[in-house]
Amino acid sequence: MTYDFNTMNVVLLGMFLAAGVWTVMTSHLLKSAIGLAVTSIMLTLLLFHLKATLAGVFELSVCAGLITVIFISAISLTKPVAETEARKMKMKRLQRFIFLPVLLFIAGWLLSSRMIHLTNPAHTVADAAATVQQALWSGRRFDLVGQILIILAGVFGIVVLFKTKDSVDGDKKQ
Amino acid sequence: MAVLLILVPLAAVLFLNLPLQKIMCRLAFWIGLILCLVQTLLVIQLPAAAWNEPCPVARYLLRFAPAVDNLALVMFLAIAIVVFVSLLVARSTISDCGKLFNFTNLVMLAMAGMNGLVIANDLFSLYVFMEVAAVASFILIAFNREKDAFEGTFKYIVMSAVATAMILSAIGLMMTVTGSMSFNALAKVMHTDGGNPVILLSVALLLGGFFIKCGLIPFHGWVPDAYSSAPSATSVLLAGIVTKTTGVYALIRIVTMMNLYSTPVQTLILVVASLSIVVAAFAALGQSDFKRMLAYSSISQVGYIILGLGVGTELAIAGAVFHLFNHAIFKSLLFVNAATIEKQSGTRNMDTLGGVSDRMPVTGFTSVIAFLSTAGIPPLSGFWSKLVIIVAAWKAGFHWYALIAILASLLTLAYFLSMQRRVFFGKLASGLEDLKEGNPWVIIPACLLAAITIGLGLCIPWLLGSFLLPVRDIL
Amino acid sequence: MSGDMATFFSVSVIFAVLMICAALYCILATRNLIRILIGMELMTKSVTLLLAVGGYISGQMAVAQTYIITLIVLEVVVIAIAAGIVIGSFRHNNDMDAGRMNNLKG
């Protein structure tokens with residue numbers, strides 16, 4: 001734990017928070033989705049810094065990739081607001097959201113003055129799994145079943161929500 | 001052996017999705033019913049020890065040691081019965097074969113998720129299976145793609161996401177103090193290190209997250225909308241078992257296994273429970289939508305269960321578990337009746353209904369049974385479970401809470417009598433002249449659930465032993 | 001060494017809490033349904049950060065990574081379903097106004 005670790009950590013955390021706040025405050029919806037991708041990238045850098053490489057790669061490919069695609073397709077499937085409406089909404093929106101950085105500063109100042117200190121961190125357990133692959137496969141195989149179940153549920157969900165009668169071929173049983 | 005309860009529905013779903021469209025459509029419904037019946041039979045026949053023996057095939061696939069005790073058996077039974085009833089109601093309300101196929105698959109996935117939640121012995125696995133059941137129920141609520149249903153689902157999704165964030169933050173914070181998330185390790189940490197501010201914060205977050213999933217006041221925002229706007233079969237499932245398993249059972253498991261009974265935690269649970277009982281009962285009084293009233297009634301009854309949990313003695317938790325099972329049965333019965341009325345008369349507004357009992361005698365009679373059980377009238381099962389909870393609270397010294405529980409029972413009786421009078425008794429309302437009784441697919445589950453309510457209530461002296469003994473194991 | 005770890009922990013927790021506050025503010029103060037989804041995603045990111053920090057401090061980085069990977073899979077499915085709900089609601093209302101989602105009263 002050298003000095004470099006901590007400053008790098010604070011820098012990365014600061015960039016992460018800044019990207020998040022920009023995502024919330026920006027008024028254009030597409031820019032917000034891009035901001036979400038940027039926040040994912042910052043989180044990936046943080047994860048790499050904490051030596052969680054596999055999780056970082058997953059986060060980058062899935063969150064910064066797949067979820068951004070989902071958001072952009074959802075945004076494009078729902079029509080944008082007309083131009084004059086958009087300008088009025090932008091001003092009202094700014095009034096509502098201007099409180100956010102102020103709130104965050106106050107919260108940050110309050111929290112740092114009453115920091116929760118970790119008195120006795122955990123001792124490293126002797127039988128810690130060596131690699132992520134081992135931990136996932138042998139330690140948490142039960143969760144894998146859960147993941148399979150939820151992916152199946154997601155597939156059915158998309159079918160239920162999006163499939164219309166016109167796109168069904170084959171005969172219908174009565 | 002217990003993991004088969006998850007693997008078999010999963011295998012059934014995969015099997016049903018093989019590309020043999022014509023026969024799979026019809027087959028799905030019957031396979032779903034058979035799975036529920038098999039689960040019921042297995043629970044009744046086998047004692048808890050037999051469940052923990054590892055099945056050779058499953059052991060090869062999954063290295064997992066389930067923690068099945070009698071509390072888990074009660075939950076398996078409740079899950080099987082409610083899913084069975086829900087499938088029957090679906091058969092009567094959904095006429096299209098393809099949609100019924102989707103419904104059955106989703107219900108089986110939800111059942112697998114809930115079974116997994118019951119046998120999880122690790123906090124993170126509990127979260128994973130809770131999410132599986134939650135996602136299946138999101139889709140089931142939005143099943144008919146109606147406008148109100150989308151609103152109900154969306155509120156449920158947002159509040160569920162907040163609950164997830166709270167639970168996971170608690171897991172992250174607890175990981176700094178202990179490396180493992182299994183319940184035994186966490187209990188040890190609570191024992192040695194309970195006063196650590198990090199642990200206190202994570203316990204608070206954990207409790208908050210699960211209170212949202214239970215639907216207790218003041219975290220109940222999603223419950224009335226989700227329950228009332230969902231299609232009938234989904235309401236039965238949601239009110240009957242999903243909220244109970246993912247919220248109430250998980251809370252019972254966590255509080256008892258991790259031994260969270262310190263004074264502030266206990267006070268918090270008791271206060272939230274009493275608040276739920278009273279506020280929800282008052283809210284139910286002023287409703288005109290039938291299912292919305294039932295939703296508020298659910299919140300109130302879940303408050304009773306959590307009150308039993310908060311008291312913490314053996315008797316109280318036994319009462320809570322018994323009330324959980326009873327509530328699954330009589331609330332499902334009420335929602336089945338609501339489904340019948342909605343399908344036959346086309347409306348849920350209690351002000352426009354009236355005198356339904358003349359034309360729909362079975363529905364009227366079973367509805368009376370269900371609401372008497374909810375209000376705690378002897379000799380039905382609801383009376384016994386409420387009595388146990390109130391007596392346990394009194395004996396443990398929580399006199400005020402016991403008084404609140406008794407008074408709220410009177411409130412329950414009041415709003416249910418009002419509902420019964422408005423909907424079932426009295427003159428037949430205009431426009432309902434050609435009302436008929438529901439088709440057999442809804443009558444059978446209604447009669448079945450009413451029979452269970454009456455049977456449990458009458459046979460309780462014999463069954464008291466088998467309900468109290470299991471609780472001794474988990475404490 | 002322990003002091004360093006404690007500072008690291010406190011600083012990370014503060015930033016994660018601030019991010020959660022920003023995400024909650026986004027969910028509560030917005031009138032657009034998709035922005036509510038974005039807020040949910042931001043909450044998930046800060047929770048991922050907390051899990052990673054927990055794993056780093058306790059030395060169980062492998063287990064924490066499995067938690068993060070499982071969490072990411074679950075979140076993708078939830079967001080996909082939520083986006084489907086939003087699109088479905090838009091097709092009914094022709095409007096992305098979150099205020100419309102308050103029709104069911106009582």
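**Helix packing in a predicted model**

In chain B, helix α6 (residues 97-119) packs against helix α12 (residues 232-257) at an angle of about 20°, and the two axes lie 10 Å apart. This is a predicted model, so that angle, like everything else here, is computed from predicted coordinates. Angles under 35 degrees count as roughly parallel, and α6(B) and α12(B) are therefore roughly parallel to each other. The crossing of α6(B) past α12(B) is left-handed. Which residues make the contact? On the α6(B) side they are B:F103, B:V107, B:A110, B:M114, B:L117 and B:V118. On the α12(B) side they are B:A233, B:L237, B:I241, B:V242, B:T245, B:T246, B:Y249 and B:A250. Sorted by class, this contact has 12 nonpolar residues, 2 polar ones and no charged ones. An α-helix has 3.6 residues a turn, so residues three or four places apart point the same way.

Another pair of helices meets across two chains. Helix α3 (residues 53-77) of chain A and helix α2 (residues 33-58) of chain C pack at an angle of about 175°, with 12 Å between their axes. Since angles over 145 degrees count as roughly antiparallel, α3(A) is roughly antiparallel to α2(C). From α3(A), the contact takes in A:A55, A:E59, A:I67, A:F71, A:A74 and A:I75. From α2(C) come C:I34, C:E41, C:T48 and C:A52. By class, the residues of this contact split into 7 nonpolar, 1 polar and 2 charged.

Back in chain B, helix α15 runs over residues 314-345, 32 residues in total. From its first C-alpha to its last, α15(B) reaches 46 Å, close to the 46 Å expected at 1.5 Å a residue. How much of α15(B) is covered? Most of it: 28 of the 32 residues are buried.

One residue of chain B gets a look of its own. B:L168 sits in helix α8 (residues 147-177) of chain B. Is B:L168 buried or exposed? A residue is buried if 20 or more other C-beta atoms lie within 10 Å of its own, and B:L168, with 26 such neighbours, therefore counts as buried. Leaving out residues up to four places away in sequence, B:L168 touches B:Y127 as well as C:V47, C:L51 and C:L71. B:S262 is 94 residues from B:L168 along the chain, and their C-alpha atoms are 22 Å apart.

Methods:
Residues are numbered from 1 along each chain as its sequence is written. Chains are lettered from A and ligands numbered from 1 in the order in which they are written. This is a predicted model: local features need pLDDT of at least 70, side-chain atom pairs count only at pLDDT 80 or more; totals for chains, interfaces and linings use all residues. Axes are lines fitted to C-alpha atoms, for helices over the stretch in contact, and angles run from 0 to 180 degrees between N-to-C directions. Helices (H or I, at least four residues) and strands (E, at least two) are DSSP runs, numbered from the N terminus. Angles under 35 degrees count as roughly parallel, over 145 as roughly antiparallel, 65 to 115 as roughly perpendicular and the rest as oblique. A crossing is left-handed if the near helix is turned anticlockwise from the far one by less than a right angle, and right-handed if clockwise. Two residues are in contact if their C-beta atoms, placed from the backbone, lie within 7 Å. Ala, Val, Leu, Ile, Met, Phe, Trp, Tyr, Cys and Pro count as nonpolar, Asp, Glu, Lys and Arg as charged, and the others, Gly among them, as polar. The expected span of a helix is 1.5 Å times one less than its number of residues. A residue is buried if 20 or more other C-beta atoms lie within 10 Å of its own, exposed if 12 or fewer, and partly exposed in between; C-beta atoms are placed from the backbone.
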